[in-house]
Amino acid sequence: MAKTMPTTWLDISIPEQYCQLWHHDKLVFSAAVSTALNGPGEQEGSGCTPRGWHQIRACIGQGQPVNMVFVGRRPTGERYTPDLGKTFPDRDWILTRILWLSGLELGKNRLGNVDTMRRYIYIHGCPDALPMGQALSHGCIRMHNRDLLTLFEQVKPGLKVWIHE
């Protein structure tokens with residue numbers, strides 16, 4: 001990562017559970033998120049949210065309806081409903097859009113057993129009934145669908161993402 005700050009970046013705070021989009025030192029978007037229940041960490045299989053500088057590798061789901069269910073980054077054709085949630089209560093729902101993250105710091109969040117991209121860490125939608133502002137995810141950064149749709153329209157692959165404690 002360059003030693004200078006990018007002009008546009010996402011700031012994700014693990015302790016404060018927020019996602020903010022900054023452009024030329026001006027806040028242009030802010031929303032509550034839910035990071036990992038297991039806390040911060042980079043180790044594969046940890047269920048933790050990785051820290052450090054990342055970038056958006058891919059923006060997935062353009063044109064899909066709200067609450068579209070994704071598995072393996074592909075829409076299943078199912079749309080989440082509370083009844084579907086009751087049928088599969090232990091499922092980790094990935095809904096509406098996916099911003100797939102890739103680490104930029106060799107040995108910290110890139111390559112080896114700490115690789116964010118190979119861990120399939122996303123910013124993604126979730127059922128709107130799930131609480132935000134609390135660490136409850138399996139490692140990803142969850143957002144309510146309305147907020148994710150707003151953010152999705154303002155970002156593109158290559159955007160830098162700072163995840164920190």
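Which residues does Leu-99 touch, not counting residues up to four places away in sequence? They are Ile-56, Ala-58, Cys-59, Ile-121, Tyr-122, Ile-123, Leu-148, Leu-151, Phe-152 and Val-155, where contact means heavy atoms within 4.5 Å.

Please keep in mind that this is a predicted model, in which local features need pLDDT of at least 70 and side-chain atom pairs count only at pLDDT 80 or more, while totals for chains, interfaces and linings use all residues. Residues are numbered from 1 along each chain as its sequence is written, and side-chain values use heavy atoms, with hydrogens and water left out.

**The annotated domain**

- UniProt, in an unreviewed entry, lists residues 8-164 as "domain: L,D-TPase catalytic"; its positions are given in the numbering used here, feature names are shortened, and annotations may be inferred rather than shown by experiment.
- Over residues 8-164 the chain is 9% helix and 39% strand, where helices (H or I, at least four residues) and strands (E, at least two) are DSSP runs numbered from the N terminus.
- The end C-alpha atoms of this stretch are 17 Å apart.

**Strand β1 and its partners**

- β1 runs antiparallel to strand β2 (residues 18-23), and six bridges join the two; strands pair if DSSP finds at least two bridges between them.
- Across this pairing, Ser-13 stands opposite Tyr-18 of β2.
- Four residues lie between the strands of the β1 and β2 hairpin, where Gln-17 takes a positive phi near 55 degrees.
- β1 also pairs with strand β10 (residues 160-164), this time in the parallel sense, over five bridges.
- Two places to look in that pairing are Ile-12, which stands opposite Ile-163, and Leu-10, whose bridge partner is Val-161.
- β10 is also joined by four bridges to strand β4 (residues 52-60), in an antiparallel arrangement, with Gln-55 and Lys-160 as bridge partners.

**The annotated active site**

- The unreviewed UniProt entry marks His-124 and Cys-140 as "active site".
- Although spread over 17 residues of sequence, they cluster in space, with a largest C-alpha distance of 7.5 Å.
- His-124 is found in strand β8 (residues 122-126), and it counts as buried because its relative accessibility is 0%.
- Leaving aside neighbours within four places in sequence, the contacts of His-124 include Trp-93, Arg-97, Cys-140, Met-143 and Leu-148.
- Cys-140 lies in the loop between β8 and β9 (141-144), and its 11% relative accessibility is why Cys-140 counts as buried.
- With the neighbours within four places in sequence left aside, Cys-140 is in contact with residues including Ser-34, Thr-49, Tyr-120 and His-124.

**The nonpolar cores**

- The largest nonpolar core has 22 residues, of which Leu-10, Ile-56, Leu-99, Leu-101, Ile-123, Met-143 and Leu-151 touch the most other members; such a core is a set of buried Ala, Val, Leu, Ile, Met, Phe, Trp, Tyr and Cys residues joined through side-chain atoms within 4.5 Å.
- The elements giving two or more residues to this core are β1, β2, β3 (26-32), β7 (95-103), β9, α2 (145-152) and β10.
- α2 gives the most to this core, with three residues.
- Apart from it lies another core, of nine residues, including Ala-58, Ile-60, Phe-70 and Trp-100.
- In soluble globular proteins, nonpolar side chains tend to be buried together.

**Cysteines**

- With a disulfide taken as a pair of cysteine sulfur atoms within 2.5 Å, the count comes to zero.
- For Cys-48, the nearest cysteine sulfur is that of Cys-140, 12 Å away; Cys-48 is buried, with a relative accessible area of 9%.
- For Cys-126, the nearest cysteine sulfur is also that of Cys-140, 11 Å away, and Cys-126 counts as buried at 0% relative accessibility.

**An exposed lysine**

- Lys-156 lies in the loop between α2 and β10 and counts as exposed because its relative accessibility is 60%.
- Not counting residues up to four places away in sequence, Lys-156 touches Ile-56 and Cys-59.
- Lys-156 and Asn-145 are eleven residues apart along the chain, and their C-alpha atoms are separated by 18 Å.

Methods
Buried means under 20% relative accessible area, exposed over 50%, partly exposed in between (1.4 Å probe, protein chains only).
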